[in-house]
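Please consult the sequence and the structure while reading.

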Amino acid sequence: MEEVKPVNFITVLSIDGGGVRGIIPGVILAYLESQLQEIDGADARLADYFNVIAGTSTGGLITAMLTAPNQNNRPLFAAREIVPFYLKNLPLIFPQKSGLFAPLVNIAKALTGPKYNGEYLHKTIKEMTGNTLLSQTLTNIVIPSFDVEKLQPTIFSSYQIDAEPALDVKLSDICIATSAAPTYLPAHYFEKKDEQGRVIQEYNLIDGGVCANNPTMVAIREVTKDMIRQPQGRNGNNVGIAYDRFLVISIGTGSNKSERKYNAKMVAKWGALTWLFNSGATPVLDCFNEASTDMVDYHNSVLFTALQSQDNYLRIQDDTLEGDVASVDISTKENLNNLVKAGENLLKKKFTRVNLDSGVYETVPDKGTIQEELNRFASLLSEIRKAKKSKHQSGK
C-alpha cells in the first residue's frame, strides 16, 4: 500500500459523552496539548491540529471549549483549563442531595421529571459561548443530538452548513441540546430564524448519546460526505476517498464494565422504573451508551486493521472504573478528584486494542503506555500541520 503523505492526512479528534466523567478526557487532552506545545511552542492549541473535532454530550461541551473563538480569534480554552472548569462548575450543574431521605427524593424526581433543572448549566454555557455560531468555530466540528419530535438524529456539522443553513445555530443551543440526557436534564427546544425573524426550523432535542455516544464514525462520515460533494475537498487536498488517510484519536470517558453489576437473573425481574433508576444509575441508558460506544470502536478497529493502518487509530478508554467514579452525575469534591486521578492513571496504563475475534481489549506487544502513544501522535500531528502550512504558503 502506498504511503500517505503527511499533507494528505485528515486528522480527527473525537470525545465521548459521560457527564462528570468528561474530566477524564480533559486530563488526556491537557497532556496531548502540552506535548504539542513542547514541539511547536506555547501558543499551540488542539484546534490548530485537527481537521475536525467531534464530541457528544460532555464531549460536545469540551469540543465547544476547544474551538469557540475568543476576542483574539484563538480558542476560548486551552486544554489545561478544561479540568479546572469542570471542578469549579460540576458541583453546581449536578447539585447533590444529602441526608437520610436523599435516595427517596431522587426516586421521586425520576418519576416526576428530570433529576436536575439544568438552569446553571444553561447559564454557564450561554455566558461561555455568547452568540458564537456553528459556522464561527476555529476548525470543523461535529456534535450529535437527537430530535424527539422527528425521532431521528440531528447532527450539527460544520460540513453541512452550506447544504443546510438552518443548522448554523448558536453553539450554546448545540451544547445544551447534546447534553440533555433523558432523566437527568430537560430536553431543549429552540428555533432558527431568518433575517426577517421568521422561524425556518424548530428543534426538539435531547442528548446526542442516544444515537452516537462515541461520535468518531459520525465525524468520519461527515468528512467523507464533504469529500464526495467537493472534488478538491474542503481543504483543497482531496486525493481520493480512502480511510487510510484518516489519523484518529478517540477518547472515552470510562466505564464500569469490569464490575459486572448486572446479570440476566437480576434484570429479568425489573420493571420500567428499575431500568430507569437503580442505585443512582440509569441502567437502560448505560446499556445503550456502552453498546453504541463499543460498536463504533469495533467498526473502526476492523476498518483500520483491514487497511493496515491500525497505527493511525488511537482509542483511549478505561473500562475498570468502579463505584461513584463510574457515575455520570456524582459531583462531590472527592469523586471529581478521583476522576482526575483516573485520567492521570490512564495515561500510565499500557495501550490496549480490541481483539477482533474475542472483542476483548488486550495489550499490544510492540506498544508502550497510552502516554507514549500520545507522544507519537503529537509528533505526527505536528508533522502533518507543518506539511499543510508549507503547501499553503507555496500555493501548490
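In which helix does Cys211 lie? Cys211 belongs to helix α7, residues 209–212; helices (H or I, at least four residues) and strands (E, at least two) are DSSP runs, numbered from the N terminus. The model is a predicted one, in which local features need pLDDT of at least 70 and side-chain atom pairs count only at pLDDT 80 or more, whereas totals for chains, interfaces and linings use all residues. Residues are numbered from 1 along each chain as its sequence is written, and side-chain values use heavy atoms, with hydrogens and water left out.

**Selected single residues**

Cys211 has a relative accessible area of 27% and is therefore partly exposed; buried means under 20% relative accessible area, exposed over 50%, and partly exposed in between, with a 1.4 Å probe and protein chains only. Leaving aside neighbours within four places in sequence, Cys211 is in contact with Pro144, Ser145, Phe146 and Pro153, where contact means heavy atoms within 4.5 Å.

Thr363 is part of strand β10, residues 361–363, and touches Lys350, Phe351 and Thr352, residues up to four places away in sequence not being counted. Thr305 is located in helix α11; with residues up to four places away in sequence again left out, Thr305 touches Gln310 and Leu356. The C-alpha separations are tabulated below.

| Pair | Separation in sequence | C-alpha to C-alpha distance |
|---|---|---|
| Thr363 and Leu285 | 78 residues | 29 Å |
| Thr305 and Pro365 | 60 residues | 16 Å |

Thr363 counts as partly exposed because its relative accessible area is 49%. Thr305 is likewise partly exposed, at 31% relative accessibility.

Is Ser172 buried or exposed? Ser172 is buried, because its relative accessibility is 3%. The residue sits in helix α6, residues 171–178, and touches Ile125, Lys126, Thr129 and Gly130, apart from residues up to four places away in sequence.

**Positive phi in loops**

Leu151 is not a glycine, yet its phi is positive, at about 55 degrees. This residue is placed in the loop between β3 (140–147) and β4 (152–157), and its relative accessible area of 63% makes Leu151 exposed. Gln308, also a residue other than glycine, has a positive phi near 55 degrees. The loop that holds Gln308 runs between α11 (283–306) and β8 (313–316), and Gln308 counts as exposed at 65% relative accessibility.

**Buried helices**

Helix α3, residues 82–93, has the buried residues Ile82, Val83, Phe85, Tyr86, Asn89, Leu90 and Ile93. Why do the buried residues of α3 line one face of the helix? Viewed down the axis of α3, they fall within an arc of 145 degrees, so they line one face; the arc is that of the directions from the helix axis to the C-beta atoms. An α-helix has 3.6 residues a turn, so residues three or four places apart point the same way. The cover over the buried residues of α3 includes α1 (23–40), α2 (58–67), α5 (119–129) and α12 (333–348).

In α2, 10 of the 10 residues are buried, so this helix is largely enclosed by the rest of the structure. Among the buried residues of α2 are Thr58, Gly59, Leu61, Ile62 and Leu66.

**Packing of α1 against α3**

Helices α1 and α3 pack at an angle of about 155 degrees, and their axes are 8 Å apart. Axes are lines fitted to C-alpha atoms, for helices over the stretch in contact, and angles run from 0 to 180 degrees between N-to-C directions. The two helices α1 and α3 are therefore roughly antiparallel, a term for angles over 145 degrees. From α1, the residues Ile23, Gly26, Val27 and Leu29 meet Ile82, Val83, Tyr86, Leu87 and Leu90 of α3. By class, the contact of α1 with α3 has eight nonpolar, one polar and no charged residues; Ala, Val, Leu, Ile, Met, Phe, Trp, Tyr, Cys and Pro count as nonpolar, Asp, Glu, Lys and Arg as charged, and the others, Gly among them, as polar.

**Nonpolar cores**

The largest nonpolar core has 79 residues, and those with the most contacts inside it are Leu13 and Leu29. A nonpolar core is a set of buried Ala, Val, Leu, Ile, Met, Phe, Trp, Tyr and Cys residues joined through side-chain atoms within 4.5 Å. Helix α1 supplies the largest share of this core, eight residues. Not counting residues up to four places away in sequence, Leu29 touches Leu13, Ile15, Leu46, Ile62, Leu66, Ala79, Ile82 and Ile251. A second, separate core of 19 residues includes Val52, Val142, Val223 and Met227.

Note on methods. Parallel < 35°, antiparallel > 145°, perpendicular 65-115°, else oblique.
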